[in-house]
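Hi,

Here is the structure I said I would pass on.

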Amino acid sequence: MSQLSITHRASIDPMAPYVPGRPVEDVKKEFGLTQVIKLASNENPLGCSLKAKEAAVTSLEESNLYPDGSCAKLRNLLAESLSVKPTELVFGCGADEVIAMAGKVFISPGDECITGAVTFSQYAASAASMGGVMVYAPLKNHTYDLDAILERVTDKTKIIFLANPNNPTGSAFNAGAQEAFLEKVPPRVLVVIDEAYAEFVTDPHYPRTLPMLQKYKNLMLIKTFSKVYGLASYRVGYGIADESIIALFEKIRPPFNVSAQAQAAAYAAYQDQDFVRASFRVNEQSLAFTCRALEEMGLRYTPSQANFIWMDCGKDSRVVFLDLMKKGYIIRPGYALAPGSGETYLRVTMGTLEQMEGFIGALKEALGNRFSESKGIHKL
Ligand SMILES: Cc1ncc(COP(=O)(O)O)c(C=O)c1O
């Protein structure tokens, strides 16, 4: 076979393929397990709304037809519910695609983006894929340091990406901090606030970003159906911003980027707020149980506003990750999510209460019998 002689864009050289959480079937096979619980990708342990499932199945009848490229039904439902214009919304194949589109719209080689170290990997991918440079501001107490981000704004800065709550730390900044930050960002810089986990937040001071879009025309809010709505496999996310920004996104959006089944499922899921409330309650309960258990074990964790927790297990996360997997629990090891600073950390998605009870048992075993026998005083 001849060698590939097509030259690629050098700007993608520093990029690495995204490494997702390991699939359950793979782990079952490798370790000879009959039951494996995946707490690795911040998915919804309740599944999704029954109404969403039914709507998706019904839409299979029209599998021979292209989907509605503009997502009109879903667009109008969201526009009405959020009190925005339909032209202030752009839909993506997951929030991932909206994040990627931001890079395609705004980044030229050499342009800079800023985010926190550590955060969701796709912001860096969005910048790097277009030849942009990601500038990282260190986190403070596992939370974005918004002042440190502002200090890094230069003439080359085009986009600031913020996940609120942040992934993998689960921390969130409050409304006052967000407003003060937006006041100081130059209007020529796009601020992308990614609220993928907003529906799980319990902090009463969490920002209400939607009304801020009126005041800050350089602001984009990103949301997803993958988390509280439990539709991760369908891939539906959306951005809300001034219509002049959305018009640019529409130029580069692939024409049929959200499947008909995904649109139908998202449309039904959005109207099933009982399911959303049930998911919130389960998460709140599982998070409270897990935090208590970690405290009893003397393990440090970052208080979470999301559906996962960032915990310091005090041991090499490579080893603990493997040990937990052998016991049937897939989590995300910190060495992979936060190379250097997160070597002893684990990011664990909240499952049902029963799943979390099982997980804590497995974690105690993985960390050694000092936890299973003592009343849980962690002596490091
Ligand atoms: C902060 C954040 N934004 C966006 C996404 C991607 O969401 P989607 O499934 O809609 O692409 C994730 C997924 O884990 C995430 O953690």
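Let's begin with two strands: E5 (residues 157-163) and E6 (residues 190-194) pair in the parallel sense over five bridges. Within that pairing, Ile159 has Leu190 of E6 as its bridge partner. A quick note on words: strands (E, at least two residues) and helices (H or I, at least four residues) are DSSP runs numbered from the N terminus, and two strands pair if DSSP finds at least two bridges between them. In general, the strands of a sheet pair through backbone hydrogen bonds, either parallel or antiparallel.

Before going on, two points on how to read this. The model is predicted, so local features need pLDDT of at least 70 and side-chain atom pairs count only at pLDDT 80 or more, while totals for chains, interfaces and linings use all residues. Residues are numbered from 1 along each chain as its sequence is written.

**The seven-stranded sheet**

E5 and E6 belong to an open sheet of seven strands, in the order E2-E8-E7-E6-E5-E3-E4, with mixed pairing. Its edge strands are E2 and E4 (133-138), each pairing on one side only. On average, neighbouring strands here are turned by 25° against each other, direction ignored. Helix H9 packs on this sheet, where it touches E2, E7 (219-224) and E8, and its direction makes about 35° with that of E2. For these angles, axes are lines fitted to C-alpha atoms (for helices, over the stretch in contact), and the angles run from 0 to 180 degrees between N-to-C directions.

Leu89 stands opposite Ile240 of E8.

**Helices**

Two packed helices are described by the angle between their axes and the distance between the axes. The axes of H4 (residues 95-106) and H9 (residues 243-252) come within 9 Å and cross at roughly 95°. H4 and H9 are therefore roughly perpendicular (65 to 115 degrees; under 35 would be roughly parallel, over 145 roughly antiparallel, and the rest oblique). Met101, Lys104 and Val105 of H4 make the contact with Leu248, Phe249 and Ile252 of H9. Residues are in contact if their C-beta atoms, placed from the backbone, lie within 7 Å. The residues of this H4-H9 contact divide into five nonpolar, no polar and one charged. Here Ala, Val, Leu, Ile, Met, Phe, Trp, Tyr, Cys and Pro count as nonpolar, Asp, Glu, Lys and Arg as charged, and the others, Gly among them, as polar.

Then look at H2 (residues 50-59), where Ala52, Ala55, Ala56 and Ser59 are buried. Down the axis of H2, these buried residues fall within an arc of 100°, so they line one face of the helix (the arc is that of the directions from the helix axis to the C-beta atoms). They pack against helix H10 (260-271). Leu50, Val57 and Thr58 are exposed on the face of H2 turned away from its buried side.

**The four-stranded sheet**

There is also an open, antiparallel sheet of four strands in the order E9-E10-E13-E12. E9 (300-302) and E12 (332-333) are the edge strands, each pairing on one side only. E12 pairs with E13 (residues 345-349) over two bridges, in the antiparallel sense, and Arg332 has Arg347 of E13 as its bridge partner.

Which peptide bonds are cis? One joins Ala117 and Val118, with omega about 20°; another runs from Asn164 to Pro165, with omega near 0°. Val118 is in the loop between E3 (112-117) and H5 (122-128), and Pro165 is in the loop between E5 and H7 (175-184).

Asn141 has a positive phi of about 50° although it is not a glycine. His142, in the loop between E4 and H6, has a positive phi of about 65° and is not a glycine either. Asn141 is exposed, with 9 other C-beta atoms within 10 Å, whereas His142 is buried, with 21.

Cheers

Key
Buried ≥ 20, exposed ≤ 12 C-beta atoms within 10 Å, placed from the backbone. Contact = placed C-beta atoms within 7 Å.
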